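Hi everyone, thanks for making time today. Let me put the structure up, and then we'll walk through a helix packing and some charged side chains.

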Amino acid sequence: MEESNKEMLMIQKWLNQHNELYTSATRHPFTLSIRDGSVDLSAFKRWLGQDYIFVRAFVPFIASLLLKAWKESDDDSDIEVILGGIAALNDEVSWFKREASKWSVSLSSTVPQKANLEYCRFLESLMSPEVDYTVAVTAFWAIEAVYQESYAHCLSDGSKTPEELKETCQRWGNDGFGQYCHTLQNIANRRLEKSPEDIISKAEATLMRVLEYEVEFWNMSRGET
């Protein structure tokens, strides 16, 4: 039982081991500037256009994850959870279009920057049939969790988030999305508990790469190269 409990906490164990990297992704100067009200709105607009491109690449990744769950999952409810993510993305794409119109960001003329292109290529690599479901669902959890923690912090006590950016923060920082991320984490932990060492190692490496790409994406949004 002790060994089982240890494995069930694999995600938390990794977050403890890689705390500096996780904190860099979830308490990045870009989102902290939203929280303290000092955000450069040109940086926010840059993030908006680039993240729209990323979300469009995120859709086929989740579709591939759904297929992996159908083939490999030991729990049918995983499919329902992932389907929920796909359904939410439909609304998310529409939200980006509305926000872009509000902020006068031309999505059709937005060119993906280097950090975005590299992140999207990484997503595409995870769609390969050779990538295990456990590795892919760990990546899915990590991508969602970074946004949830980052934007929830912008809504927590003491924040000075500008009124016009609160809807953005609420989209990812709300309690419902937090619960969804917790469900994804439980799925990843369940899979990791039953996985051989090579899959566990690949999942950990994938988690670290996601966090690195998230930091680079935030850096890009601030205008850093």
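Let's start with helix α2, residues 10-17, and helix α10, residues 175-193, which pack at an angle of about 100° with their axes 8 Å apart. Helices here are DSSP runs of H or I with at least four residues, numbered from the N terminus. The axes are lines fitted to C-alpha atoms over the stretch in contact, and angles run from 0 to 180 degrees between N-to-C directions. So α2 and α10 are roughly perpendicular to each other, a label that covers 65 to 115 degrees. From α2, the contact (heavy atoms within 4.5 Å) is made by Met-10, Ile-11 and Trp-14, and from α10 by Gln-185, Ala-188, Asn-189 and Leu-192.

A quick word on the ground rules: this is a predicted model, where local features need pLDDT of at least 70 and side-chain atom pairs count only at pLDDT 80 or more, while totals for chains, interfaces and linings use all residues. Residues are numbered from 1 along each chain as its sequence is written, and side-chain values use heavy atoms, with hydrogens and water left out.

Now, the charges. How many salt bridges does the count come to? It comes to 10, taking a salt bridge as a side-chain nitrogen of Lys or Arg within 4 Å of a carboxyl oxygen of Asp or Glu. One of them joins Asp-74 to Arg-191, with the closest N and O atoms 3.4 Å apart. That pair links distant parts of the chain, 117 residues apart: Asp-74 sits in the loop between α5 (41-72) and α6, and Arg-191 in helix α10. Asp-74 is partly exposed at 39% relative accessible area, whereas Arg-191 is buried at 12%. Buried means under 20%, exposed over 50%, and partly exposed in between, using a 1.4 Å probe and protein chains only.

Asp-75 and Arg-190 also meet in a salt bridge, at 4.0 Å from N to O.

Finally, over to helix α6, residues 77-102, where we find Glu-92. Glu-92 is buried yet has no salt bridge, and the nearest side chain of opposite charge, Arg-171, is 4.3 Å away. Here Lys and Arg count as positive and Asp and Glu as negative, with His and the chain ends not counted. Leaving aside neighbours within four places in sequence, Glu-92 is in contact with Val-55, Arg-171 and Trp-172.

Notes
Helices (H or I, at least four residues) and strands (E, at least two) are DSSP runs, numbered from the N terminus. Angles under 35 degrees count as roughly parallel, over 145 as roughly antiparallel, 65 to 115 as roughly perpendicular and the rest as oblique.
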